[in-house]
Amino acid sequence: MIQSIAWRNIWRSPLRSGIIIAAISVGMAAGMFSATFTKGWMNQRLEAGIETEASHIRIQAPLFDENYDLKEYIPDTESLITSLSSIDHVNGVSPHLVIQSMIASAETGTGVKIVGIDATAEKSVTNLYSKLGEGKYLEGIKRNPIVIGRNLAKKLKVKLRSKVVITVQDADGNITGGAFRVSGIFDITNGMYEEGNVFVRKEDLARLVNMKSSTTHEILVHLDDTELIDEMAIQLKSQYPELKVQSWKESMPELGYINEIGNLYTYIFVIIILLALGFGIVNTMMMVILERIKEIGMLMAVGMSKLRVFSMLMLETVMLTLTGGVLGILIGLWATYLTMENGIDLSMYSEGLENFGYSPMVYPVLEMESIIVIILLVIATGIIASIYPARKALKYNPADAIRTD
Amino acid sequence: MNIIEIKELHKIYDESEVKVHAVNNISLNFEKGEFAAIVGPSGSGKTTLLNMLGGLDKPTDGNILIDNTNLHKLRSSELIRFRMMNIGFVFQAYNLIPVLTAKENVEFIMHLQNKNKKEREERTMSLLKAVGLEGRENSRPSKLSGGQQQRVAVARALASKPKFVLADEPTANLDSKSTEQLLSIMEELNKQEHITFIFSTHDQRVVNKARRVITIEDGKVISDIRKDVESDSK
């Protein structure tokens, strides 16, 4: 019966309750949509980071990434690749020869990471080949093809089939150089990656630095199930203790934090909204209690315990908050549904966003965990907001309260 | 048999600079089934006495024993439970719960007492019939007249099968016809249920119906007349 009274009490003043419910709804709709928007944004960055740049697992010679020393290569690569390829759930293995160098066009030059790849093997571990805006993936040019990013092409002022010169230190420590011709230009949402990474055929790069074409500094491993990445990384670490095995979370830690940062941002945003709404709810409940002193006095007089009176007022506040909260969440979900198919175009900010690896097209993503957490936060707000008014109500002496006009 | 024993009761308000002796050394007994009115001018201490009798206010000195339970020795939670089980209240302004129907208002205390549904329904319907509100059980207080609301309040006060009912100025907001109806109903219920009724009132019509009239002035009992025995135990 307490639940029934609490619910009916909310509608004693439909206008007042309606206003606070509307305020909560608007706040929660914004919070919910913000959650799905952020989730979509972060997921896109995560997916792009893993599938285009990092793949699932990276294996290196232990000291290679400290100074990119050419001589820090993985020994006996051939048998390692064969062994890795035979492991269950491994559906792609690609060896890399990696060199830090200078790249120059007729106009200008800059520092880049040159990655020597086997184009066919690379297609099994990253989807960069599908991100070509122009040209082909190390095809169409017979001698020394190179794939560069759109931002680098702009910086070097080169286009498809333009010549660029790579200057590197070879295995003997001599400075050497080679001319490459742009066979493809990739467009991804990470401007920094576009500017700092170029891809050439592994044998072309090995020849340039005077090393065997089988020389490999790192191997990327792709699995058929992303849920198994951590488990597989642990297995490979124990299987190859002499090598440095890292899951994408370890090789690109900034990606690993994206989800947590996204969730944190969402929850902080929602908590700020609820905090502001909480004061409104306290104010509403204080007015409610002031209007009902006489009734509360009567309830205590006829034998309703303080705990029951407290519970009734708390329930009333939680129901009020939850009504607005659920309504707001539904509105937020509706807004998500309307935009998740066609996305939200932020291309007017694309330059800044792409510099940080974020796509200017955002497709909101619905996640049950966020909905549950937001509902729990709404309930917690209702409970917290009810404590002060309910405690205030309990301080009245029933005899005095009944006589109140 | 006494169900209420008031012994040397005092209530002094000293919140302001001037101390007010609202109840001054009152000793009274009430027997089961009495129909008593406490009368006196405004400020005489009637309501204060009634509040202490109902456990809503604490005496400065003295004791109230209800069936040998010292009301003011009970802890707060025990006192609330004691009120729920033993005392019915009828207030001047009816004080019904506006969001509940007449039936739900009557049932409310039985809910607090955790009575089962069958028992609640039977008792509620029988009380609403007794107060002449059969057919209006689903009306909310706002749809009832003042007299009808007060009759719901009487039914609610009796729902918990209390030892006694305290009614503070129950007819003050009612017209003559409603007052007559209400008093007849309460008198009938008093006889049927054998429940003690104690009124605080200014209303001569209540005084006329009461079988015992206690007059208070300046916090003291100045007369206690039992009409049935025509005695004055001043």
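Biologist: Is Tyr137(A) buried or exposed?
Modeller: Buried, because its relative accessibility is 4% and buried means under 20% relative accessible area, with exposed over 50% and partly exposed in between (1.4 Å probe, protein chains only). Keep in mind that this is a predicted model: local features need pLDDT of at least 70, side-chain atom pairs count only at pLDDT 80 or more, and totals for chains, interfaces and linings use all residues. Residues are numbered from 1 along each chain as its sequence is written, chains are lettered from A and ligands numbered from 1 in the order in which they are written, and side-chain values use heavy atoms, leaving out hydrogens and water.

Biologist: How many aromatic pairs are there over all chains?
Modeller: The count is 12. Rings of Phe, Tyr and Trp (its six-membered ring) pair if their centres lie within 6.5 Å; planes under 30 degrees apart are stacked, over 60 edge-to-face, the rest tilted. One of them is Tyr129(A) with Tyr137(A), a tilted pair at 6.2 Å centre to centre and 55 degrees between the planes.

Biologist: And which pair is edge-to-face?
Modeller: Phe186(A) and Phe199(A) make one, at 6.1 Å and 70 degrees. Phe186(A) is buried at 0%, and Phe199(A) is buried at 3%.

Biologist: Back to Tyr129(A), what sits over its ring?
Modeller: The charged end of Lys123(A), 5.7 Å from the ring centre. The rule there is NZ of Lys or CZ of Arg within 6 Å of the centre and within 35 degrees of the ring normal.
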